[in-house]
Amino acid sequence: MKEELIKKAYDVAVERYAAVGVDANKALEDLQKISLSLHCWQADDVAGFESNGSLSGGIQATGNYPGKARNIEEVRQDILKAASYIPGTHRLNLHEIYGDFGGQFVDRDQVEPKHFESWIQWGAEHGMKLDFNSTSFSHPKSGNLSLSNPDKEIRDFWIEHTKRCRAIAEEMGKRQGDPCIMNLWVHDGSKDITVNRLRYRELLKDSLDQIFAIDYKHMKDCIESKVFGIGLESYTVGSNDFYIGYGASRNKMVTLDTGHFHPTESVADKISSLLLYTPEIMLHVSRPVRWDSDHVTIMNDETLDLAKEVVRCNALDRVHIGLDYFDASINRIGAYVIGSRATQKCFLQGLLEPIAKLREYEADDKLFQRLALLEESKSLPWNAVWDMFCLKNNVPVGEDFIAEIEKYEVEVTSKRGA
C-alpha cells in the first residue's frame with residue numbers, strides 16, 4: 001500500500017514539475033550519480049587505530065553516547081550499516097590514523113600503502129571507493145605547528161608524512177580505477193598574537209611545494225583552510241586567503257568546509273569564484289552552530305544554498321561532496337544517516353529548481369517574477385521525488401530508518417564496552 005502511494009505521489013510530482021519546465025525523472029537520474037564521501041571519523045569520534053591518546057591540535061569531539069566503534073571491524077560494520085539506509089552509491093573518506101596497523105605502532109613518517117591494503121580490498125568488496133586525508137593532529141610532534149614549524153626536524157617529519165599519504169592515495173586510486181581525493185589540512189596556528197605571520201606562511205608554502213613535487217595520475221590533491229582551531233584562536237597559518245592563493249597558483253583543488261568560515265559568510269557564494277580559478281572543489285559539509293562545532297548536517301538554508309549553487313553552476317562534475325562532522329552525543333549511525341540524506345535532499349532540490357524559467361525572468365529583468373517563482377518552487381512536491389528515490393534504491397522511505405537503527409543499537413552497539 002505504501003509503495004502504491006509513493007508511486008502515485010511521484011506521478012503527480014512529475015506533472016507538477018513539468019508545468020514549470022523541470023524533468024523530475026532526469027533529476028532522479030542526476031541525483032543517482034552523486035556520490036557522497038562518507039567520513040570514517042563519525043563512527044568513533046576521530047579516535048583512529050594508532051594509539052589511545054586524546055585528541056589534540058585544535059580538534060575536539062564532544063559527547064559520550066554509548067556504543068562507539070572501538071576497532072577497525074566495528075568501524076567497518078557501522079559504516080556499512082549506515083550506508084544501507086542512504087540511497088545511492090557512496091565513497092568512504094579515511095584519515096591516515098585509520099590504517100590497518102595490525103596492533104603495531106607505525107609512526108606517521110613510516111606509513112605505507114600496505115597499511116591500507118585491507119581497506120582497499122574491503123572497498124572493492126563492498127563497492128565503496130576510497131578518499132584519504134593526512135593526519136597532523138593528536139601526535140607528540142603536533143604541537144601548535146606542523147608543516148609551518150620553524151624546527152626543521154619537526155617540519156621534515158610532517159612533510160615526509162604527507163608525501164607518504166599522497167603515495168597511499170595514489171595506490172588507492174590506481175586500484176579502484178577512480179582518482180582518490182586526498183585532503184590536506186593542518187591545524188597550525190597560535191593561541192595568542194603572533195608577530196611572525198609571514199614567516200610561518202612562507203614555511204607552509206615551502207613545505208607544500210616539497211610535498212607536491214611528485215605528480216601522480218591516480219589521486220587528486222585538495223587543500224583545506226580554517227578560521228581557527230581550539231586553543232589556536234588568534235592566528236591560523238593555512239587561512240582561506242592563503243589556500244586560495246596557493247590553489248590558484250598551483251592548480252590545486254581547494255576544500256571548502258562549511259564550518260571553517262565566519263558564521264555570517266556564505267560558503268555558497270564562494271563556489272562560482274573558485275570554479276573560475278581552480279580545477280575542482282572539494283566540499284566538507286557540516287553544520288556550524290557556533291563556528292566549527294561540526295554538528296550533524298541538516299536540510300537548512302546554508303546547505304540548500306550550497307547545493308543549489310553547485311547545480312546552478314553546472315559543476316557537479318567538478319565539485320566533490322564529502323561530509324565532515326563528528327557528533328558523539330547521539331547515535332552515531334543515526335548521525336551518518338541524517339546528515340547524508342539531508343545533503344542529498346538539498347542537492348535534489350537544486351536539481352528540481354526551475355532554473356531555465358528563472359534565468360529567462362532574470363534576463364528579461366522580470367525581477368518580481370523571478371522572486372515569486374523562487375518562493376513558489378519551495379512548495380513544489382520535491383519530497384515525493386525524494387521518496388521515489390529512496391524506493392528505487394531499496395532503502396527506508398521517510399522515517400522508517402529510525403526503528404531499524406534503534407534495533408541495531410539494541411542488538412549491536414549497546415553491547416559494546418568502553
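Helices (H or I, at least four residues) and strands (E, at least two) are DSSP runs, numbered from the N terminus. With that settled, I opened the notebook at helix α6 (residues 197-211), where Leu208 lies.

**Ground rules**

I am working with a predicted model, in which local features need pLDDT of at least 70 and side-chain atom pairs count only at pLDDT 80 or more, while totals for chains, interfaces and linings use all residues. Residues are numbered from 1 along each chain as its sequence is written, and side-chain values use heavy atoms, with hydrogens and water left out.

**Entry: Leu208**

Is Leu208 buried or exposed? I found Leu208 buried, because its relative accessible area is 0%; buried means under 20%, exposed over 50% and partly exposed in between, with a 1.4 Å probe and protein chains only. I then listed what Leu208 touches, not counting residues up to four places away in sequence: Leu147, Leu184, Phe242, Tyr243 and Tyr246. Contact here means heavy atoms within 4.5 Å.

**Entry: the annotated site**

Which residues does UniProt list for "binding site"? The unreviewed entry gives His260, Asp292 and Asp294. I noted that UniProt positions are given in the numbering used here, that feature names are shortened, and that annotations may be inferred rather than shown by experiment. The three are spread over 35 residues of sequence yet cluster in space, with a largest C-alpha distance of 9.7 Å.

I looked at His260 next, in the loop between β8 (253-257) and α8 (268-277). His260 counts as buried because its relative accessibility is 5%. Leaving aside neighbours within four places in sequence, I saw His260 in contact with Trp185, Glu224, Ser225, Lys226, Val227 and Asp292. The side chain of His260 also reaches the backbone oxygen of Ser225 at 2.6 Å. For such a polar contact, the pair of N or O atoms must be within 3.5 Å; within protein, one must be able to donate a hydrogen and the other to accept it, and residues adjacent in sequence count only if both atoms are side-chain atoms.

Then I turned to Asp292, placed in the loop between β9 (281-285) and α9 (301-312). Asp292 counts as partly exposed, because its relative accessibility is 21%. With neighbours within four places in sequence left aside, Asp292 is in contact with Lys226, Asp257, Gly259 and His260.

Ser239 lies in the loop between β7 (235-236) and α7, and is buried at a relative accessible area of 15%.

**Entry: strand β2**

How many residues of β2 are buried? Five of the five residues in this strand (residues 91-95) are buried. I checked both faces: Arg91, Asn93 and His95 lie on one side, Leu92 and Leu94 on the other, and all are buried.

I followed the pairing too, where two strands pair if DSSP finds at least two bridges between them. Strand β1 (residues 36-39) runs parallel to β2, joined by three bridges, and Ser37 has Arg91 as its bridge partner. Strand β3 (residues 130-133) pairs with β2 in the parallel sense over four bridges; here Asn93 has Asp131 as its bridge partner.

**Entry: helix α14**

Helix α14 (residues 400-411) has 12 residues and reaches 18 Å from first C-alpha to last, close to the 16 Å expected at 1.5 Å a residue. That expected span is 1.5 Å times one less than the number of residues. I listed its buried residues as Phe401, Ile405, Tyr408 and Glu409. Seen down the axis of α14, they fall within an arc of 100°, so they line one face of the helix; the arc is that of the directions from the helix axis to the C-beta atoms. What covers them includes α3 (72-83) and α10 (332-351). The face turned away carries the exposed residues Lys407 and Val410.

**Entry: positive phi**

Most residues other than glycine have a negative phi. I flagged Asn251, which has a positive phi of about 60°. Asn251 is found in the loop between α7 (240-250) and β8 and is exposed at 54% relative accessible area. I also flagged Asn314, with phi near 55°. Asn314 is found in the loop between α9 and β10 (319-323) and is exposed at 67%.
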